[in-house]
Amino acid sequence: MTTKAKTLALINQRKPRHALSSELYSDADVYEQDLEQIWHKEWIFAGHSFEIPKAGEYLTLQIGKYPVLVVRDAKGDVRAFHNACRHRGSRICSQAQGKVAKLVCPYHRWTYDLDGKLLFAANMGENFKTDDHGLEPVHCEVVNSYIYVCVAPEAPDFEAFRAEVAPFIEPHNLDNCKVAFESNLVEKGNWKLVFENNRECYHCDGAHPELLNSFMENLAVAGVGGAESAELVAYWDRCEAAGLPSRLVMDPNGYHRMTRIPLFKDAVSYTMNGKPAVNGRLDNTDEENIGALLYFRYPSTWNHFLGDHALSFRILPLGAGETLVTTKWLVPASAEEGKDYDLDNLTKVWLATNDQDRQLVEETFRGVSSPSYIPGPFSDLAENGVCQFVDWYCATMQKKLAD
């Protein structure tokens, strides 16, 4: 049986509204198909355009088997390339971020312009043509500072997503932001468990005391239907009157969701006391309490936008049982640490929450890897979000594995 057929058979065995089987979380062949069918074919969140504001500034990431380089070229455009020299394959840029005048391979000094064109290759003979050996491009799109890349030869449509997400992000002025702090956490668990954990707060009461000072899950906006209370509708009306799109938007194929939710009681930010972490406003409205805009895009990112700052989260699979979770705290570009915000106050809630989630994911991965594990049912009340993610994963893989 091929790895494709094996993975498809395992997915077809899943009971509706139940968790996945052990093999779908831990099997090496399934992981290879996850990379091949999803991570190597879909749009993946790479980083923010304001992280590379000047020509020659770059960032790198590893998408499954593909090292990728994202760089600002001399014309000011954001470009992406396979981070492999066209000579003998060495990675050209090995740091997570940096700045260069030219892209120079450290192995044999082949030198590329910021647009990927090969400029110089020593001792290659008179018949060698530099025009034939430029860097291989990677599909790249930018929407309100979010850089998405796709390593597939042909990328899926991006414009439908852009049209839906841009109005939600636009009022938060992310193009005029900076990263106040970045956290990189390696979780010893499968990437699907990481996203499942994000898609429900059934666990929050027992696991996230810091977060629950401000966050309040609203099951009506989990992305899977549910009754909208009069209070929620009134909150949406108030935010939308101020120019902030708020009502739930869900991709019919399940890839993304945007919605705004109120926070707990009088909280306006993710801090221990619920008060703003940053002086001034991130958005361009005068509305005092705008709650939190939540948006996810499978398979690689979820995000929170508040009145004073925003958080972007990115996950990248490192192996069947290992996932990199990168969190970035975004503040206005003009904000000064120690004057406009205290870094500990800004980051305390989500540093604690991320580490608590890491422990939950790791303990779950140990459990689902046991031969005794039997997939259990999802709660009809509290786990519709995680069920939506698992349904999306199964439907996406069934479609692609059957091709």
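Author: In this predicted model, the count of salt bridges comes to 21. One of them joins Glu 32 to Lys 65, whose closest N and O atoms are 3.0 Å apart. Because Glu 32 belongs to helix H3 (residues 28-39) while Lys 65 sits in the loop between strand S2 (57-63) and strand S3 (66-72), this pair ties together parts that are 33 residues apart in sequence. Glu 32 counts as partly exposed, at 32% relative accessibility, and Lys 65 is exposed, with a relative accessible area of 55%.

A second pair is formed by the side chains of Glu 42 and Lys 400, which meet in a salt bridge with an N to O distance of 2.3 Å. Glu 42 is in the loop between H3 and strand S1 (44-48) and Lys 400 is in helix H9, so here the parts tied together are 358 residues apart in sequence. Glu 42 is buried, its relative accessible area being 4%, and Lys 400 counts as buried as well, at 14% relative accessibility; the cut-off that places them there is a relative accessible area under 20%.

Glu 159 is partly exposed, with a relative accessible area of 41%. Beyond such pairs, salt bridges that share partners join Lys 6, Asp 27 and Asp 29 into one network.

The residue without such a partner is Glu 383, which is buried yet has no salt bridge. Its nearest side chain of opposite charge, that of Arg 17, is 6.8 Å away, and a salt bridge needs the side-chain nitrogen and the carboxyl oxygen to be within 4 Å, which means that Arg 17 does not qualify as a partner. Glu 383 lies in the loop between helix H8 (343-368) and helix H9 (384-402). A polar atom of the Glu 383 side chain lies 2.7 Å from the backbone nitrogen of Ser 379. Leaving aside residues up to four places away in sequence, Glu 383 touches Tyr 202, Pro 377 and Phe 378. The picture for Glu 383 is thus of a buried residue with no salt bridge, whose side chain has the backbone nitrogen of Ser 379 at 2.7 Å from one of its polar atoms.

Note on methods
Residues numbered from 1 in each chain as written. Predicted model: local features only at pLDDT ≥ 70, side-chain atom pairs only at ≥ 80, totals over all residues. Heavy atoms only, no water. Helix = DSSP H or I, 4+ residues; strand = E, 2+ residues; numbered from the N terminus. Buried < 20%, exposed > 50% of the residue type's maximum accessible area, 1.4 Å probe, protein only. Lys, Arg positive; Asp, Glu negative; His and termini not counted. Polar contact = N/O pair within 3.5 Å; in protein donor to acceptor, adjacent residues only side chain to side chain. Contact = heavy atoms within 4.5 Å.
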